[in-house]
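Please look through the model shown below with its helices and its aromatic side chains in mind. The account that follows is meant to be read alongside the coordinates.

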Amino acid sequence: MSDFVSQLVDKYPELKYALLDAQTFSQEHYGFPAIYYKMMETDAVRVEAFKETFKQYNNLQDAVVCEAGIGTLALTKHYLPFVKKAYLIENNPNIRSFIEEEIEKNGWTDKVELIFGDAMKVELPEKVDYIIGELMSIYCANEYQVQIFKHLRQFLKPEGKLIPEKIINTAALADAKFDGSHKHYPLMFTRHMPMFLTLHETVNVIDLYKEEALTINAETRFQPILSGPANCVYMSSLVQVKEGVNFTGTDSLMPPTVCKLTSPKVLKAGEGVLLKSSFGYGTSLDDAKFEIGDMAKWD
Ligand SMILES: C[S@@+](CC[C@H](N)C(=O)[O-])C[C@H]1O[C@@H](n2cnc3c(N)ncnc32)[C@H](O)[C@@H]1O
């Protein structure tokens, strides 16, 4: 084990951007490379948050459900034995045969309607009790979680539930080293964390039952607790899968991410500043802008 740790330590510098490379969303490969599915499947923290939610909803017993972006069924297999009917949507052709075989092998064919296509365009023939979708990325900036739930929620029964239901995007102001042309990176190791100058504040809250906006322009006030240069925001997304069951980001899903400010700024402890954030859901973090505005006068 100590050999393995020693090798890992040697590799720390080159692993700084490894998560970014492994998880980058790309239309060309219809979402994700195979390694990303493995990361998601093996992440017990991520999967448990959904399993606990299903459990608290009585395992979705006899329910009619729709899940968007089923991937390799990492979440699906935990509720599928219990539901009455499931509309399962996926658009990655590389995992189609895997999904079909799993459904057949487990005897779920009769209750499953597999839809290979874009979840933002699918029309369901009936209203459902639950809409499930884990197509999340930090701030929902890369993936279409918001757009997909905005489209699909028209098929949710009035008393139906979304899983997940709320995402709280937070930021802290900090300072980090960026190599080459990198503008942002998700954290895999704590040694790549930036140096913090503030505590975390809420940038915006996404209520998936109601969210209409696809572009966010938010202003957030910070009170630095340390003085020094700031060149980045440390982004976290906190997910309420169901009230009381939360997921706050791991290396496989919504890892805390460090993103460059438009221009660096020297902060002074106790002197409030304003962060102006603008980004779009389902676009790219490359297009997001974070800027420290004029020093705000604190009340
Ligand atoms: C983050 S992965 C999660 C997979 C699975 N839900 C899980 O939790 O392990 C998101 C999945 O959604 C699929 N996906 C992304 N955009 C989609 C869209 N517009 N329509 C259908 N599927 C989509 C991707 O191909 C990928 O398999």
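Predicted model: local features only at pLDDT ≥ 70, side-chain atom pairs only at ≥ 80, totals over all residues.

Helix H4, which covers residues 44-56, is made of 13 residues and reaches 18 Å from its first C-alpha to its last, close to the 18 Å expected at 1.5 Å a residue. Its buried residues are Arg46, Val47, Ala49, Phe50, Thr53 and Phe54. Because these buried residues fall within an arc of 155° when H4 is seen down its axis, they line one face of the helix. On the other side of H4, by contrast, Val45 and Lys55 are exposed. The cover over the buried residues of H4 includes helices H3 (34-41) and H5 (76-79), together with strands S4 (128-133), S5 (156-163), S11 (228-242) and S12 (245-247).

Both ends of H4 deserve a look. The N-terminal end is capped by Asp43, which has a side-chain oxygen 3.1 Å from the backbone nitrogen of Val45, while just after the helix Asn58 takes a positive phi of about 60°.

Helix H6 (residues 96-105) can be read in a similar order. Its buried residues are Ile99, Glu102 and Ile103, and they cover an arc of only 95° around the axis, which puts them on the same side of H6. These buried residues pack against strand S2 (85-90) and strand S3 (112-116), whereas the face turned away from the buried side carries the exposed residues Glu101, Glu104 and Lys105. H6 is followed by Gly107, whose phi is positive and near 70°.

The aromatic rings come next, and the structure holds nine aromatic pairs. One of them joins Tyr57 and Tyr130, whose rings are tilted, at 5.2 Å centre to centre and with 50° between the planes. Since Tyr57 lies in the loop between H4 and strand S1 (64-68) and Tyr130 lies in strand S4, the pair ties together parts that are 73 residues apart in sequence. Tyr57 and Tyr130 are both buried, and Lys242 lies over the face of Tyr57, at 5.2 Å from the ring centre.

The pair of Phe178 and Tyr185 has its ring centres 5.8 Å apart and its planes at 65°, so it is edge-to-face. Phe178 counts as buried at 14% relative accessibility, and Tyr185 counts as buried at 1%. Finally, Tyr139, Phe279, Tyr281 and Phe290 form one aromatic cluster.

Note on methods:
Residues numbered from 1 in each chain as written. Heavy atoms only, no water. Helix = DSSP H or I, 4+ residues; strand = E, 2+ residues; numbered from the N terminus. Expected span 1.5 Å × (residues − 1). Buried < 20%, exposed > 50% of the residue type's maximum accessible area, 1.4 Å probe, protein only. Arc of directions from axis to C-beta. Contact = heavy atoms within 4.5 Å. Polar contact = N/O pair within 3.5 Å; in protein donor to acceptor, adjacent residues only side chain to side chain. Phe/Tyr/Trp six-rings, centres within 6.5 Å; stacked < 30°, edge-to-face > 60°. Lys NZ or Arg CZ within 6 Å of the ring centre and 35° of its normal.
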